[in-house]
Amino acid sequence: MPLPLDEVQAVMRRALLDGETGALVPLIEGRELAETQLAIYRNNVFASLTEVLRGTFPAICRLVDDRFFAYAAHEFIRRHPPQRPCLAEYGAEFADFLAGFPPCRELPYIADVARLEWFLNAAVTAGDTAPLTPSALAAIAPEEAPRVVLRFDPSLGFLASPWPIDRIWEANRPGGDDGAAIELAAGGVHLEIRRRDGAVVFQSLDRATFAFRQALGEGETLETASARALGVNAEFDLTGAFSDLFREAVVTGFEIAEVPSL
């Protein structure tokens, strides 16, 4: 009796990712060739996905050398196979994987470098939206202003790290100077990543501006984002920070949050 489709898929998954071919071979015509064919297919799957990861995380590849990267990628692929057909979206969990990967324990900054590369990759593939002009907010009533929720350019991302990951990435990206001296104790960074004028760029923000923009990017109200920024720096210039969002063409839309029910 034929196996249900979900069971066949589970057997195929174990064969490709874990090498457990015993249950799959009997389902394939020409059993004498099945093991060889499955091995070839399995190797092709891992090789293809490893190349996808190399393309998304080139600085990580240079940081750890190609052989170690291939080993780490192999273990990652086994544990996190693709869940979507678009391979440009594959690798979102790679940074968290590296953070818990025992062989990387001597490189505490490696996960945040991978997160930066993922943000850069995501910015490349993000959709295009037109920036909003400040005049679009003119109709907002004064009492509604604290409840304004801004929508940002979809390529925008925010990343804080206790390590100088911007300099580590610059030194290890393709064409970078991997011999550059980097002082790990120099302090961390608060980065904003986005696509602008067709190029993906990032900039370092002060902690209060980062808190303000990150909160807005997470869908918080203007009131909540302002409180976070002022909690970091009581002298934070809210008016100037709000104007900068439009000057830098970050805002693409807005809505008014509902008043919480009592």
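Author: Let us start with a term: a residue is called buried if its relative accessible area is under 20%. Please keep in mind that this is a predicted model.

Reader: How many residues in the protein chain are buried, as a percentage?
Author: Buried residues account for 39% of the 262 residues in the protein chain.

Reader: And what does the secondary structure come to?
Author: The protein chain has 10 helices and 5 strands. As for its contacts, take those between residues at least 6 apart in sequence: 69% of them join residues at least 24 apart.

Reader: Let us look at one helix. Is helix 7 mostly covered or mostly open?
Author: Helix 7, residues 165-172, is mostly covered, with 6 of its 8 residues buried. The buried ones are Ile165, Asp166, Ile168, Trp169, Ala171 and Asn172.

Reader: What covers them?
Author: The covering parts include helix 3 (58-64), helix 6 (110-125), strand 2 (157-161), strand 3 (189-196) and strand 4 (199-204).

Reader: How do helix 6 and helix 7 cross?
Author: Their axes come within 9 Å and cross at roughly 75°. That angle makes helix 6 roughly perpendicular to helix 7.

Reader: Which residues meet there?
Author: From helix 6 there are Asp112, Val113, Leu116, Glu117 and Leu120, and they meet Ile165, Asp166, Ile168 and Trp169 of helix 7. Sorted by class, this contact has 6 nonpolar, no polar and 3 charged residues.

Reader: Now another pair, please. What about the axes of helix 8 and helix 9?
Author: Helix 8 (residues 207-217) and helix 9 (residues 222-232) have axes that come within 8 Å and cross at roughly 160°. Helix 8 is therefore roughly antiparallel to helix 9.

Reader: Is that crossing left-handed or right-handed?
Author: The crossing of helix 8 and helix 9 is right-handed.

Reader: And which residues of these two helices meet?
Author: Helix 8 contributes Arg207, Ala208, Ala211, Phe212, Ala215 and Leu216, while helix 9 contributes Leu222, Ala225, Ser226, Arg228, Ala229 and Val232. By class, the contact of helix 8 with helix 9 has 9 nonpolar, 1 polar and 2 charged residues.

Reader: Where do Phe68 and Phe101 lie?
Author: Phe68 lies in helix 4, and Phe101 in the loop between helix 5 (94-99) and helix 6, so the pair ties together parts that are 33 residues apart in sequence.

Reader: Are these two residues buried or exposed?
Author: Phe68 counts as partly exposed because its relative accessibility is 22%. Phe101, at 4% relative accessibility, counts as buried.

Reader: What kind of pair do Phe76 and Phe94 form?
Author: Their ring centres are 5.1 Å apart and their planes are at 75°, so the pair is edge-to-face. Phe76 is in helix 4 and Phe94 in helix 5, 18 residues apart, and the pair links distant parts of the chain. Both Phe76 and Phe94 are buried.

Reader: Which residues do ring pairs link into a cluster?
Author: The cluster consists of Phe57, Phe68, Phe69, Tyr71, Phe76, Tyr90, Phe94, Phe97, Phe101 and Trp118.

Reader: What does Glu75 touch?
Author: Leaving aside residues up to four places away in sequence, Glu75 touches Phe97 and Phe101. Glu75 lies in helix 4, which spans residues 66-79.

Reader: Why does Glu75 count as buried?
Author: Glu75 counts as buried because its relative accessible area is 15%, and the cut-off is under 20%.

Reader: One last topic: the backbone. What is the phi of Asp65?
Author: Asp65 has a positive phi of about 80°, although Asp65 is not a glycine. The residue sits in the loop between helix 3 and helix 4, and at 43% relative accessibility Asp65 counts as partly exposed.

Reader: And what of Ala249?
Author: Ala249 is not a glycine either, yet Ala249 has a positive phi of about 55°. Its place is the loop between helix 10 (238-247) and strand 5 (251-256). With 27% relative accessibility, Ala249 counts as partly exposed.

Methods
Residues numbered from 1 in each chain as written. Predicted model: local features only at pLDDT ≥ 70, side-chain atom pairs only at ≥ 80, totals over all residues. Heavy atoms only, no water. Buried < 20%, exposed > 50% of the residue type's maximum accessible area, 1.4 Å probe, protein only. Helix = DSSP H or I, 4+ residues; strand = E, 2+ residues; numbered from the N terminus. Contact = heavy atoms within 4.5 Å. Phe/Tyr/Trp six-rings, centres within 6.5 Å; stacked < 30°, edge-to-face > 60°. Axes fitted to C-alpha atoms, helices over the stretch in contact; angles between N-to-C directions. Parallel < 35°, antiparallel > 145°, perpendicular 65-115°, else oblique. Left-handed = near helix turned anticlockwise from the far one by under 90°. Nonpolar A, V, L, I, M, F, W, Y, C, P; charged D, E, K, R; others polar.
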